[in-house]
Amino acid sequence: MLEVPPWLWVVFAVTVVVSLTVDLLAHRTVHVIGFKEAAGWSALWMGLALVFGAVVFVVLGATAGTEYITAWLLEKSLSVDNLFVFAVIFAYFRVPRAYQHRVLFFGVMGALVFRGVFLTLGVAVVSRFTAVLFVFAAVLFYSTYKLLKGDEEGFDPGRSVALRLLRKVVPVRDEYAGTHFFVKEAGKRVATPLLAVVAAIEAADLVFAVDSVPAVLAVSDDLFVVYTSNAFAILGLRALYFLLAGLLDRFHYLNVGLAIILSFIGVKLTLQALHKTVSPTVPEIPSPVSLAVIVVILATSVIFSLRRPVPPRAESAAGADAGPDPPGDRPGDD
């Protein structure tokens with residue numbers, strides 16, 4: 001484990017709190033976020049993540065710095081898959097575009113908390129039971145299979161466990177009430193669909209954590225490296241969504257690229273487990289090699305997507321097959 005000075009944890013915590021505060025104040029007026037604004041925020045979040053990575057390089061050394069950048073890029077690439085699910089959730093609940101940033105803001109806050117819990121538990125388990133790396137590798141190989149099979153296309157926000165629990169705790173009305181999560185009707189406090197959307201977003205992130213937590217633990221088993229890299233990747237997720245909104249379908253080879261990355265990380269985890277539990281002679285994949293592989297695979301999938309776009313007929317057929325809004329209970333249905 002790295003000897004991380006306490007002041008570096010403080011710098012990280014202050015950076016996150018200040019960043020969230022600035023973001024919240026900058027978007028206190030409800031409005032539709034356009035491409036130019038999203039591009040500016042995306043550049044800011046990426047710059048902030050890279051600056052913090054430079055600090056890690058200087059303070060904790062080149063190995064820790066490389067692991068941080070690798071883990072951040074890995075989480076960033078895996079989070080792109082989240083964007084497809086966000087788009088499905090927003091379409092299902094018919095969330096006005098002006099309200100979507102508020103939903104993602106609270107989704108990010110929840111993700112920061114849950115990822116912190118999961119990564120802390122993951123680091124603790126790996127440090128005591130190294131053989132669990134085989135289990136994590138199996139999870140990543142199964143996730144690869146699901147991505148290649150296209151199981152994510154069957155995602156139905158209306159069947160979210162979190163949404164079902166929310167309906168049992170508080171009534172959910174049918175109409176939005178601006179950016180409010182609760183309103184009073186006939187003297188009773190009821191939730192708006194916006195709260196249901198946040199619940200669906202949080203539930204989706206918990207599902208994606210099943211992939212991302214084992215993946216990032218393959219890069220490093222140090223809590224500071226894995227959590228800070230995850231946090232900065234998550235902070236930029238909202239701006240990335242608005243930046244790529246409407247363009248997600250063009251990156252049709254991205255899922256293939258992500259599947260290859262997950263399988264590669266699964267191999268890396270397997271080798272690590274064999275190295276630690278079977279024999280030190282089993283080779284491990286160095287972090288610089290992992291970083292290079294992730295960059296090459298991502299770049300290749302994007303280039304192939306842009307150079308070989310989906311034929312117009314295929315896009316039209318996909319739209320026709322989609323039909324009306326997906327069936328299922330809406331937020332206010334019993």
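Student: Is Asp 23 buried or exposed?

Tutor: Asp 23 is buried, with a relative accessible area of 1%. Buried means under 20% relative accessible area, exposed means over 50%, and partly exposed lies in between (1.4 Å probe, protein chains only). Keep in mind that this is a predicted model, where local features need pLDDT of at least 70, side-chain atom pairs count only at pLDDT 80 or more, and totals for chains, interfaces and linings use all residues. Residues are numbered from 1 along each chain as its sequence is written, and side-chain values use heavy atoms, with hydrogens and water left out.

Student: Which residue forms a salt bridge with Asp 23?

Tutor: Let's start with the general idea. Side chains of opposite charge can pair when their charged atoms come close. A salt bridge is a side-chain nitrogen of Lys or Arg within 4 Å of a carboxyl oxygen of Asp or Glu. Here the partner of Asp 23 is Arg 238, with the closest N and O atoms 2.1 Å apart. This pair links distant parts of the chain, from helix H1 (residues 6-26) to helix H9 (residues 237-244). Helices (H or I, at least four residues) are DSSP runs, numbered from the N terminus. Arg 238 is buried too, at 2%.

Student: How many salt bridges does a search of the whole structure find?

Tutor: It finds 5. One of them joins Glu 75 and Arg 115, whose closest N and O atoms are 2.8 Å apart. Glu 75 lies in helix H3 and Arg 115 in helix H4, so the pair ties together parts 40 residues apart in sequence.

Technical notes: Helices (H or I, at least four residues) and strands (E, at least two) are DSSP runs, numbered from the N terminus.
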